[in-house]
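Please open the model in your viewer and keep the sequence beside it, so that each stop of this tour can be selected in turn.

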Amino acid sequence: MKLTPHFSLEEFVRSATAQAKGIDNSLNPTAKADQAVIRNLKTLSENILEPLRDHVCQPIVISSGYRCPALNNAVGGSKTSQHLTGEACDIHIPSIILGKQWMEWIMDNTTFDQLIWERNSAGVHWIHVSCKSTPDKNRHQVLRLSKA
């Protein structure tokens with residue numbers, strides 16, 4: 001299911017962790033409970049990801065999108081994670097330099113809720129970005145997080 005010209009629902013529900021652990025992380029577009037999550041993913045795509053993709057003229061790879069509660073628990077996500085509601089995703093960055101450029105562009109050109117530069121104990125970096133379902137309620141928080 002296409003959400004925007006360059007982003008699909010399948011990109012947001014794909015998860016190596018879910019696959020490895022046998023967790024069903026799918027969303028059903030006809031299920032009322034899942035429709036709000038899908039609308040949030042569309043808002044995130046329209047307001048953040050699609051404009052970024054248009055700016056950088058290259059694919060944006062989502063490394064973690066929507067997470068069902070079981071998957072969120074399996075990856076050690078916060079109980080209030082915006083990944084649970086489809087308001088957040090993590091973006092793979094091809095290099096530190098490009099990641100910093102992308103962060104700066106998102107800060108200057110989009111209406112985001114949270115923008116977090118993250119790094120894990122293995123030294124892998126990524127960008128976490130979120131957008132509330134009502135974009136005028138976005139907090140515009142920019143953070144840096146290192147996980148030990």
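In which loop does Cys57 lie? Select Cys57 and you will find it in the loop between α3 and β3, where helices (H or I, at least four residues) and strands (E, at least two) are DSSP runs numbered from the N terminus. Before going further, note that this is a predicted model, in which local features need pLDDT of at least 70 and side-chain atom pairs count only at pLDDT 80 or more, while totals for chains, interfaces and linings use all residues. Residues are numbered from 1 along each chain as its sequence is written, and side-chain values use heavy atoms, with hydrogens and water left out.

**The cysteines**

Cys57 has a positive phi of about 55° although it is not a glycine, and with a relative accessible area of 63% it is exposed (buried means under 20% relative accessible area, exposed over 50%, and partly exposed in between, with a 1.4 Å probe and protein chains only). A search of the whole structure finds zero disulfides, a disulfide being a pair of cysteine sulfur atoms within 2.5 Å. Cys57 is thus in no such pair, and its nearest cysteine sulfur, that of Cys89, is 19 Å away. Now select Cys89, which counts as buried at 0% relative accessibility.

In soluble globular proteins, nonpolar side chains tend to be buried together. Centre the view on Ile91, whose contacts (heavy atoms within 4.5 Å) beyond four places in sequence include Leu49, Trp102, Trp126 and Val129.

**The largest pocket**

Turn now to the largest pocket, which has a volume of about 730 Å³. Its lining consists of 34 residues, and Ser64, Arg67, Val75, His83 and Asp90 are the ones that lie nearest its centre. Here a pocket is, on a 1 Å grid over the protein atoms alone, an open set of points where a 1.4 Å probe fits, with protein on both sides within 12 Å along at least five of seven lines, and lining residues have an atom within 4 Å of a point. Among the elements that each supply at least two residues of the lining are α1 (9-13), β3 (62-64) and β4 (88-92).

**Three loop residues**

Select Gly65 in the loop between β3 and α4 (69-74); at 1% relative accessibility, Gly65 counts as buried. Leaving aside neighbours within four places in sequence, Gly65 is in contact with Phe12, His83, Ala88 and Cys89.

Finally, visit the loop between β6 and β7, where Lys132 has its place and where His140 also lies. Lys132 is partly exposed, at 24% relative accessible area, and its contacts beyond four places in sequence include Glu87, Asp113 and Arg139. His140 is likewise partly exposed, at 42%, and its phi is near 55°, a positive value in a residue other than glycine.

Terms used
Points joined across faces, edges and corners; volume = space filled by probe spheres on them.
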